[in-house]
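Points are grouped by topic for reference alongside the coordinates.

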Amino acid sequence: MSMRVGNAALLKVDIALSRKREYDPEADAALPLSIAVCLPELGGELRRDGGTPGPGFTIDALYRAIEKGELAAVKKNGKWMVTRTAVREWLSREDEAPRKPSRPQSIPIVAGKTHRERERAVAAVEMAKAKLAEARKKRKH
């Protein structure tokens, strides 16, 4: 029984520590892209000791958005900095803007040959080979 009480106490301590490590910057705080990519808005997990980037966005994606002028950023000490507000605005504009599809919407399907069509093709090839062989024999004689 004391084991259960000990586990419950450890669980409470672990939860309390994990809450302390969470990092929730202000909406207008300047964040380097390495931290911004871990924002919950982008599907990541942000903690004081680092973070986990979301599965859908990379630092390169943020750089490209900045270069295109889609994501507002400021360069401080040689590093691009963004705010949560800017990221949220960029995401909302990205959702509203119609996207150019990277692949065609519909892929034309070419019907495969039926068994009969394959048999006819094989027969035609064999017939052509036979005629060529006959023509070669006639030339030699």
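The model is predicted, with a chain average pLDDT of 76 and 71% of the residues scoring at least 70. The chain comprises 5 helices and 5 strands, arranged along the sequence in the pattern α-β-α-β-β-α-β-β-α-α. Of its 141 residues, 18% count as buried.

**Confidence**

- Confidence is highest in helix H3, where the mean is 90, and lowest in helix H1 (residues 2–21), where the mean is 56.
- Over residues 101–109 the pLDDT remains under 50. For this segment the model has 0 contacts beyond four places in sequence.

**Overall contacts**

- Among contacts with a separation of 6 or more, 53% are between residues 24 or more positions apart.

**The sheet**

- Three strands form an open sheet in the order E1-E5-E4, and the pairing is antiparallel.
- The edge positions are taken by E1 and E4; each has a single partner strand, so one side of each is left without a neighbour in the sheet.
- The pairing of E1 (residues 31–32) with E5 (residues 79–82) is antiparallel and runs over 2 bridges. Within it, Pro 32 has Met 81 of E5 as its bridge partner.
- E4 (residues 74–76) also pairs with E5 in the antiparallel sense, here over 3 bridges.
- In this second pairing, Val 74 is bridged to Met 81 of E5, and Lys 75 is bridged to Trp 80 of E5.

**The hairpin of E4 and E5**

- The hairpin has 2 residues between its strands, and Asn 77 lies in the loop that joins E4 and E5.
- The phi of Asn 77 is near 50°, which is a positive value in a residue other than glycine.
- Asn 77 has a relative accessibility of 85% and counts as exposed.

**Helix H3**

- Within H3 (residues 59–68), the buried residues are Ala 61, Leu 62, Ala 65 and Ile 66. Viewed down the helix axis, the buried residues of H3 lie within an arc of 140°, so they line one face of the helix.
- Glu 67 and Lys 68 are exposed residues on the face of H3 that is turned away from its buried side.
- Ala 61, a residue of H3, has a relative accessible area of 17% and is therefore buried, the limit being under 20%.
- The C-alpha atoms of Ala 61 and Val 37 are separated by 9.2 Å, the two residues being 24 residues apart along the chain.
- Gly 69 follows H3 and has a positive phi, near 85°.

**The nonpolar core**

- The largest nonpolar core contains 18 residues. Leu 42, Leu 62, Leu 71, Val 82, Val 87 and Trp 90 are those with the most contacts inside it.
- Helix H2 (33–36), H3 and helix H4 (84–96) are the elements that give two or more residues to this core. H4 gives the most, with 4 residues.
- Beyond its neighbours within four places in sequence, Leu 62 is in contact with Leu 33, Ala 36, Val 37, Leu 42, Leu 71 and Trp 90.
- Leu 62 is itself one of the buried residues of H3, and its partners Leu 42, Leu 71 and Trp 90 are among the core residues with the most contacts.

**Arg 84, a buried charged residue**

- Arg 84 is found in H4. Its relative accessibility is 6%, and the residue therefore counts as buried, for which the limit is under 20%.
- The side chains of Arg 84 and Glu 41 are joined by a polar contact of 3.0 Å.
- Apart from neighbours within four places in sequence, Arg 84 is in contact with Asp 24, Pro 25, Glu 26, Ala 27, Ala 29, Leu 31, Leu 39, Pro 40 and Glu 41.

How values were computed
Residues numbered from 1 in each chain as written. Predicted model: local features only at pLDDT ≥ 70, side-chain atom pairs only at ≥ 80, totals over all residues. Heavy atoms only, no water. Pairing = 2+ DSSP bridges. Buried < 20%, exposed > 50% of the residue type's maximum accessible area, 1.4 Å probe, protein only. Arc of directions from axis to C-beta. Core = buried A, V, L, I, M, F, W, Y, C linked by side-chain atoms within 4.5 Å. Contact = heavy atoms within 4.5 Å. pLDDT = per-residue confidence, 0-100. Polar contact = N/O pair within 3.5 Å; in protein donor to acceptor, adjacent residues only side chain to side chain.
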